[in-house]
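I opened the model and kept notes as I went. Here are the entries.

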Amino acid sequence: MADTRKTSPALEVRNVARRYKSSGRGVEGLSLTVEPGEVFGLMGPNGSGKSTLLRVLSTAIAPESGTFRIGGVDGLKERRKARAKMGLMVDRPTHYGDLTGRANAYLFARSYGMEEGKAEGVLEELFDYFGLAEYGDDRAKTYSYGMGKKLALIEAMAHGPELLLLDEPSLGLDYTSQLAYQKKIRELAAAGVAVLVASNQVDEVEAMCDRVAFLHRGRLIALGTPESFVSSLEGTRRIVATLRNPVEYGALEGVPGVERVATEGRDLVVHCAQRPGIVADVVAGLIDAGGDITDLAVRRPSLEDVYVKLTGEALRDYEA
Amino acid sequence: MRLNPPDAYWKKDATLFFSKRFALLIKMIYPMALIVPVAVSDIPAQYAAAVVGIVAVMAGTFGAGESLTADLNDGILVRIALTPLSPRRIVFEILAINAVLDFIQLLPALLLVYVLHPAPLVWVLAATFGVFATLVTANCIGIFIANFTSSPADVLLYATAILAPLIYVSGFFRNQNPTGISATLRDFVPFAYMNDALKAVFGLAGEAGAVPFEVFVYPGIIAAVLAFGVCLTGPRLLSPRF
């Protein structure tokens, strides 16, 4: 009999569809494959289907159609076997607040079938790695949001899964913890663990993921390496102007080479072709519109710009 | 065997039960506060038995139902259900540990009743077993209700709607000497056997509807069937609700 672990992808998704009746949102005809040792990013704005896909793959909800296999195991017919092969971090992790952080993690580790001694050893190492060792005996309800996220990461990783499903894992983590988390993910990938991470943290996905898929309104619209996506925008630039005051920027779209103008919080972001003098023209346009520029940056294109180019919509929601 | 850190769902509940000392004190005192005044008073035996029975029924139903809906709302129980553990096993553990913890809460008050109302050992044992079977049954009802609502307030409402007719059929207050179909229905409610055994403990052995043998056998069978039934609801109960 063939060894399915060596021949099967870590995750194989075929034509998965699931729509919520209440909102109409979900995923449609989605297929993808993640190989062992690969870090695969899922990007898309809120409501694009990232969390729905992870809910289906985690076996929390069943798809209306389609199939998926985790390490060769049918995720619909052999759900408990599939669950044993994966580590899961949901977007809003919760814990038993009256148990200590260590007790929460231990309960999960043992629920995944880890031996007592091994569980204690691995958890000690992970608590230390993520800087939670000194808080391990505090009740989980005293944890900050970021500490709760780190505890959820530990719970997802401790039992040595073949596939990690992570939903917005670094949101709420401080910078040092984000770096530690990214390093750990790369270490796990080097050891053969497949990682599917839903995230809109552009820097993180570019730095960490081997491949990335863009979701738009429940459908997979593009799939490739971060480098290939970004290099496809060679010749374009992103001018980010921080303004003291809001301005009517419609006239900027008439500047030759400007492709799109959008606000991102207090910033005005101008996507434009790379040509001599375009920055000066954009700045002049802003000043003419009454803008008081407090900061200006010209950046290379990112995955966020790729998404804008593909869909005409922003990847992230920004507060006005 | 160590409870903390917990390596099983039931140990988590046991750890939480024993870890909060003030809450534990209240949990242990409130059944005593309700039952002991009744036990020392000279109210008719059938009503004394009814009060003990009501405390057991309420403790069981609301305990499991409310803590379950709270954990379901929190999302933590759904997350636990995404481990390789069987959802039926998780529900069984919830049921078993809640029934045992409820029993531990009631036991001091029951022991005081037995001290204040000396009764034949067989009736003492029958009453104790009857209370436990009632707690299992009541917890089954609480878990069953949690299948249909995620609101602890709704649990109170639904539980009242389910318990009121069962308490009537069991003959706690009215319908103490049922005949015909009412008597047949009574045979299928574990609360009734507990009520008979408690009446015997409070001095109405001659008027108890059941004999000790029946109290040891029938409510056990009925509670086991109900427990099996609610465990089957595990996959539905522990799935996310959108």
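The entries below go from domains to sheets, then to a helix pair and single residues.

**Entry 1: domains of chain A**

I noted at the start that this is a predicted model. I looked up the domain bounds next. Chain A splits into domain 1, covering 4–229, and domain 2, covering 235–300. I then took the separation of their C-alpha centres, which is 37 Å.

**Entry 2: the four-stranded sheet**

I traced an open sheet of 4 strands in chain A. Its order is β2-β1-β4-β5, with antiparallel pairing. Which strands sit at the edges? They are β2 (26–34) and β5 (73–74) of chain A, and each of them pairs on one side only. I checked the β5(A) side in detail. Strand β4 of chain A, residues 65–70, joins β5(A) through 2 bridges, antiparallel. Opposite D74(A) of β5(A) I found R69(A).

**Entry 3: strand β13 of chain A**

I moved on to β13(A), residues 267–273. How many of its 7 residues are buried? The count is 5, which leaves the strand mostly covered.

I listed its pairings:

- Strand β11(A), residues 236–243, runs antiparallel to β13(A), with 7 bridges between them. One pair I picked out is I239(A) with V270(A).
- Strand β12(A), residues 258–264, also pairs with β13(A) in the antiparallel sense, over 6 bridges. Here A262(A) has V269(A) as its bridge partner.

I then looked at the turn. The hairpin of β12(A) and β13(A) has 2 residues between the strands. In that hairpin, G265(A) has a positive phi near 65 degrees.

**Entry 4: a helix pair in chain B**

Two packed helices are described by an axis angle and an axis distance. I looked up both for α5(B), residues 87–116, and α6(B), residues 121–146. Their axes come within 9 Å and cross at roughly 140 degrees. The crossing of α5(B) and α6(B) is right-handed. I went through the residues that make the contact. From α5(B) they include V91(B), I94(B), L95(B), F103(B), L106(B) and Y114(B). From α6(B) they include V124(B), V131(B), F132(B), L135(B) and I143(B). I also sorted the contact residues by type: 17 are nonpolar, 3 polar and 1 charged. D102(B) and N98(B) of α5(B) are among the contact residues, as are T128(B) and N139(B) of α6(B).

I picked S111(A) in helix α4(A), residues 101–111. Is S111(A) buried or exposed? It counts as buried because its relative accessible area is 7%, under the 20% cut-off. Apart from neighbours within four places in sequence, S111(A) touches T83(B), P84(B) and L85(B).

N195(B) came next, in helix α9(B), residues 190–204. Its relative accessibility is 0%, so N195(B) is buried. I listed its contacts, again leaving aside neighbours within four places in sequence. They are A49(B), A50(B), S170(B), G171(B), F172(B) and R186(B).

Last I went to S23(A). Where does S23(A) lie? It is in the loop between β1 (11–19) and β2 of chain A. S23(A) is partly exposed, because its relative accessibility of 39% falls between 20% and 50%.

Key. Residues are numbered from 1 along each chain as its sequence is written. Chains are lettered from A and ligands numbered from 1 in the order in which they are written. This is a predicted model: local features need pLDDT of at least 70, side-chain atom pairs count only at pLDDT 80 or more; totals for chains, interfaces and linings use all residues. Side-chain values use heavy atoms; hydrogens and water are left out. Domain bounds come from an automatic or database domain assignment. Axes are lines fitted to C-alpha atoms, for helices over the stretch in contact, and angles run from 0 to 180 degrees between N-to-C directions. A crossing is left-handed if the near helix is turned anticlockwise from the far one by less than a right angle, and right-handed if clockwise. Contact means heavy atoms within 4.5 Å. Ala, Val, Leu, Ile, Met, Phe, Trp, Tyr, Cys and Pro count as nonpolar, Asp, Glu, Lys and Arg as charged, and the others, Gly among them, as polar. Buried means under 20% relative accessible area, exposed over 50%, partly exposed in between (1.4 Å probe, protein chains only). Two strands pair if DSSP finds at least two bridges between them.
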